[in-house]
Amino acid sequence: MSQKTNEYSTDDDVGVLVKEKPPALQKPRLYQVVLLNDDYTPMEFVVELIEKFFSKTRETATRIMLMIHNEGKGVCGIYTQDIAETKAAMVNKYSMQHQHPLLCEAEPCDED
Ligand code: TYC
């Protein structure tokens, strides 16, 4: 009698493919963590925050901060949903603790 040993084979079908492999896993949707401009948070605080939470050099952090200051918002990093939302929450908590109105959001990246 044929005994099923797992989903893809039985004892007596050695070497015979009885079921096709499942399709390859889909890539998870990515999220960008953005900082919003405001009129009150000091530039130096924003630069240090970008260095601290997004592991950027001072040069890159300064470029991102100036981009936000001039354009209204800017991307600090791209992650999976859980990490992006956790980072945004940590940044908002840190800004509040330092009494700055700086806002951070996680938003889905455009799909390609
Ligand atoms: N606009 C702020 C200022 O002139 C600086 C700033 C930059 C604030 C980026 C927030 O996400 C921000 N002090």
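Q: Which residues surround the ligand here?
A: This is a predicted model, and in it the ligand is surrounded by Leu36, Asn37, Asp38, Thr41, Met43, Val46, Met65, Ile68, His69 and Leu102.

Q: OK, what sits 2.8 Å from a ligand oxygen?
A: A polar backbone atom of leucine 36 is 2.8 Å from an oxygen atom of the ligand.

Q: And on the nitrogen side, what does aspartate 38 use, and how far off is the atom?
A: Aspartate 38 has a polar backbone atom 2.7 Å from a nitrogen atom of the ligand.

Q: What about histidine 69, which kind of atom is it there: backbone or side-chain?
A: For histidine 69 it's a polar side-chain atom, and that lies 2.9 Å from a nitrogen atom of the ligand.

Q: Switching to the helices: at what angle do α1 and α2 pack?
A: Helix α1 (residues 43-54) and helix α2 (residues 58-71) pack at about 125 degrees, and their axes are 8 Å apart. That angle makes α1 oblique to α2.

Q: Which residues make that contact?
A: From α1 you've got Met43, Glu44, Val46, Val47, Glu48, Ile50 and Glu51, and from α2 there's Arg58, Ala61, Thr62, Ile64, Met65, Ile68 and His69. By class, the α1 contact with α2 has eight nonpolar, two polar and four charged residues.

Q: Is the crossing of α1 and α2 left-handed or right-handed?
A: α1 and α2 cross in a right-handed way.

Q: Now α3, how do the axes of α1 and α3 cross?
A: They come within 11 Å and cross at roughly 145 degrees, with helix α3 covering residues 81-97. The crossing of α1 past α3 is right-handed.

Q: Which residues are in that one?
A: Phe45, Leu49, Lys52, Phe53 and Phe54 of α1 meet Lys87, Met90, Val91, Tyr94 and Ser95 of α3. The residues of this contact split into seven nonpolar, one polar and two charged.

Definitions and conventions:
Residues are numbered from 1 along each chain as its sequence is written. This is a predicted model: local features need pLDDT of at least 70, side-chain atom pairs count only at pLDDT 80 or more; totals for chains, interfaces and linings use all residues. Side-chain values use heavy atoms; hydrogens and water are left out. Axes are lines fitted to C-alpha atoms, for helices over the stretch in contact, and angles run from 0 to 180 degrees between N-to-C directions. Helices (H or I, at least four residues) and strands (E, at least two) are DSSP runs, numbered from the N terminus. Angles under 35 degrees count as roughly parallel, over 145 as roughly antiparallel, 65 to 115 as roughly perpendicular and the rest as oblique. A crossing is left-handed if the near helix is turned anticlockwise from the far one by less than a right angle, and right-handed if clockwise. Contact means heavy atoms within 4.5 Å. Ala, Val, Leu, Ile, Met, Phe, Trp, Tyr, Cys and Pro count as nonpolar, Asp, Glu, Lys and Arg as charged, and the others, Gly among them, as polar. A residue is near a molecule or strand if one of its heavy atoms lies within 4 Å of it. A polar contact is a pair of N or O atoms within 3.5 Å; within protein, one must be able to donate a hydrogen and the other to accept it, and residues adjacent in sequence count only if both atoms are side-chain atoms.
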